[in-house]
Amino acid sequence: MSILSVQNVHKRFGGLRALNEVNLEVEAGTVHAIIGPNGAGKSTLLNCFVGRLEPDTGTVTFDGKSLLGLKPHEINQAGVSRVFQTPEIFGDLSLLENVMIPAFATRDGAFKMNAWRAVDSENSLHDKAMGMLADVGLAEKAGEIASHLSRGDKRRLELAMCLVQDPKLLLLDEPTAGMARADTNNTIDLMKRIAKRGITMVVIEHDMHVVFSLADRISVLAQGTVIAEDLPDGIKGNPKVQEAYLGGAHL
Amino acid sequence: MTTSMTKSDLLLLLCFAAAVLAGPVLLAPIGAGYPDLLQKFAIFGIFALGFNILFGLTGYLSFGHAAFLGVGSYTAVWTFKLLSMNPIPAILLATLLGGLFAAVIGFVSLRRTGIYFSILTLAFAQMSYNLAYSVLTPVTNGETGLQLAQSDPRVLDIAFGRDYGAVLPSSDLFGISMTGYPGFYFCGVMLILCFFVSMRIFRSPFGMMLRAVKSNQNRLNYTGLNTRPYALAAFVISGMYAGLAGGLLAVTDPLAGAERMQWTASGEVVLMTILGGSGTLLGPVIGAGAIKYFENIFSAFNEGVLVQAYSFLPEGLQHVMVWISSLFVGEGWHLTLGALFMIIVIFLPGGLMEGFNRIRAWITGRFGGGGGSLAPAAAE
Ligand SMILES: Nc1ncnc2c1ncn2[C@@H]1O[C@H](COP(=O)(O)OP(=O)(O)O)[C@@H](O)[C@H]1O
Ligand SMILES: [Mg+2]
């Protein structure tokens with residue numbers, strides 16, 4: 001059963017066709033990778049899923065419900081969490097608070113005037129957040145201010161913030177971009193563990209090594225058009241992909 | 001675990017309450033132990049505490065909060081005139097109307113962020129100020145200001161058989177006149193209550209969300225939270241604090257004028273909050289106290305005092321010194337305030353609270369760790 005269904009999506013920026021008749025079906029419980037050269041429209045496509053951009057035409061359906069016209073917070077409340085190309089975290093807050101905020105959002109909804117109880121008395125959410133931090137290996141830094149973390153740690157924190165929400169769909173935009181090798185490997189391990197839990201993921205990724213070790217299915221985007229969609233082995237052998245994306249080099 | 005207050009918070013609250021109640025004794029050595037000044041500390045402390053919930057937590061810088069102070073004062077004086085000289089209905093209605101006005105102005109202003117938000121609040125406040133002087137004269141009594149009259153209806157007082165006779169009444173709490181020390185203690189108790197509420201908000205999930213608004217709105221939205229109602233709630237709460245402060249100004253002196261809404265008054269609460277330490281629990285109260293204290297000292301100086309102070313100098317030099325000093329005192333006190341503010345912002349961006357914390361860290365660092373744990377965690 002497909003949990004995310006994208007049909008006939010077009011998006012122009014002035015004269016530029018950023019997305020051109022894009023179709024995509026993401027099966028529940030799988031990892032779907034989107035690859036393609038720089039400027040292919042991958043981020044634009046992702047932005048159409050989370051309410052940052054509105055497609056000119058076409059439909060985006062999640063869990064049987066149209067996402068078009070919904071605000072970012074409404075889309076998150078529907079079960080979609082997102083990791084950004086540059087980690088977006090609450091830099092002035094502690095790691096624990098960073099993870100508790102999304103936990104509150106999932107439990108209490110988009111707005112709740114919860115102004116009299118102390119955060120410290122919310123034991124079950126506190127334990128859940130601490131467990132999540134332990135999962136990504138940041139438990140001993142729980143009290144630190146998030147802006148002091150390394151880029152790799154920020155990424156892991158952001159993943160913990162998404163995972164604590166038990167999302168139905170997790171979107172990742174180049175999760176290892178700009179990372180040192182050690183951080184990249186850590187992040188890949190983490191993503192593999194997330195995938196094992198059966199969380200549906202859509203990953204935009206540059207690193208072929210990451211893509212082929214992680215993805216169940218791959219869509220290739222070039223100049224706003226999906227030029228191939230297949231199992232990883234099929235993509236490896238597809239001459240069109242090698243032509244457009246890999247410049248003819250062999251994988 | 002219903003009253004989930006940590007020990008250090010409870011200690012901080014108790015110390016705060018004790019310090020406020022003992023204010024007349026504690027502040028006597030610096031010449032501030034008299035009710036007129038003390039109640040100013042308390043009232044503007046409340047104003048700044050509320051402002052801090054908006055500015056300190058969410059980062060939204062309003063330049064129009066004096067409008068809510070003015071609304072509170074007008075509401076309180078009208079309550080005295082129409083209902084009763086008892087301060088309780090007056091401050092309740094002042095708080096309520098402060099909140100209502102804030103809901104309207106906040107709803108519109110919060111469509112923008114950053115400098116545009118600030119400008120919108122400033123524009124609204126100046127509009128209120130001008131309206132109070134012009135078309136709203138029937139409500140505000142224009143330039144003269146809204147005053148009590150012997151012939152006011154005061155229906156509740158009449159209903160309970162309270163007759164003030166042929167004199168102009170003053171506010172009283174079931175027979176205790178709200179002048180002098182009772183007036184201060186009434187304001188002081190309100191300050192303690194407001195501090196307690198502010199503390200609960202700081203420690204609550206709601207308070208955490210407000211700090212998240214300041215830190216990263218984008219992440220907050222993609223985390224499933226709607227920023228606007230959080231910011232609006234903070235705006236309304238700070239408007240209620242301002243309304244209460246305005247009401248208390250009228251309780252201790254039953255008169256309301258439009259100058260209370262002027263932009264300089266809005267700017268003053270910004271200075272108080274930043275000077276004390278925005279985003280800290282205690283800072284705004286300290287900032288408000290410091291500014292009102294120095295205002296009281298510097299604005300009281302006049303040329304006669306200066307001439308005397310420099311009388312030991314030769315005559316020519318005396319004239320020069322008097323001339324220079326006179327720029328900074330009396331009417332020129334704002335120049336002193338500006339200079340003080342610049343020094344703080346440059347050397348102590350976290351305000352006086354940062355200064356205290358540095359001194360405390362220095363002392364504990366020097367004389368071993370024992371002393372520090374006794375003091376309540378003052379900053380935040
Ligand atoms: N907001 C925007 N306005 C105008 N052009 C944009 C905007 N966002 C992206 N583009 C353009 O659309 C194309 C696709 O961009 P993007 O989706 O970021 O590519 P990718 O993520 O695949 O590298 C690029 O040519 C980019 O310059
Ligand atoms: Mg991109």
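Predicted model: local features only at pLDDT ≥ 70, side-chain atom pairs only at ≥ 80, totals over all residues.
**Exercise 1.** Determine whether B:E354 is buried, partly exposed or exposed, and describe the salt bridge of B:E354 with B:R358.

*Solution.* B:E354 has a relative accessible area of 22% and is therefore partly exposed, where buried means under 20%, exposed over 50% and partly exposed in between (1.4 Å probe, protein chains only). The side chain of B:E354 meets that of B:R358 in a salt bridge at 2.6 Å, N to O, the term standing for a side-chain nitrogen of Lys or Arg within 4 Å of a carboxyl oxygen of Asp or Glu. B:R358, at 47% relative accessibility, is also partly exposed.

Residues are numbered from 1 along each chain as its sequence is written, chains are lettered from A and ligands numbered from 1 in the order in which they are written, and side-chain values use heavy atoms, with hydrogens and water left out.

**Exercise 2.** Which parts of chain A does the pair A:E229 and A:R217 tie together?

*Solution.* The closest N and O atoms of this salt bridge are 2.6 Å apart. A:E229 lies in strand β10 (residues 225-230) and A:R217 in strand β9 (residues 217-222), so the pair ties together parts that are 12 residues apart in sequence.

How values were computed. Helix = DSSP H or I, 4+ residues; strand = E, 2+ residues; numbered from the N terminus.
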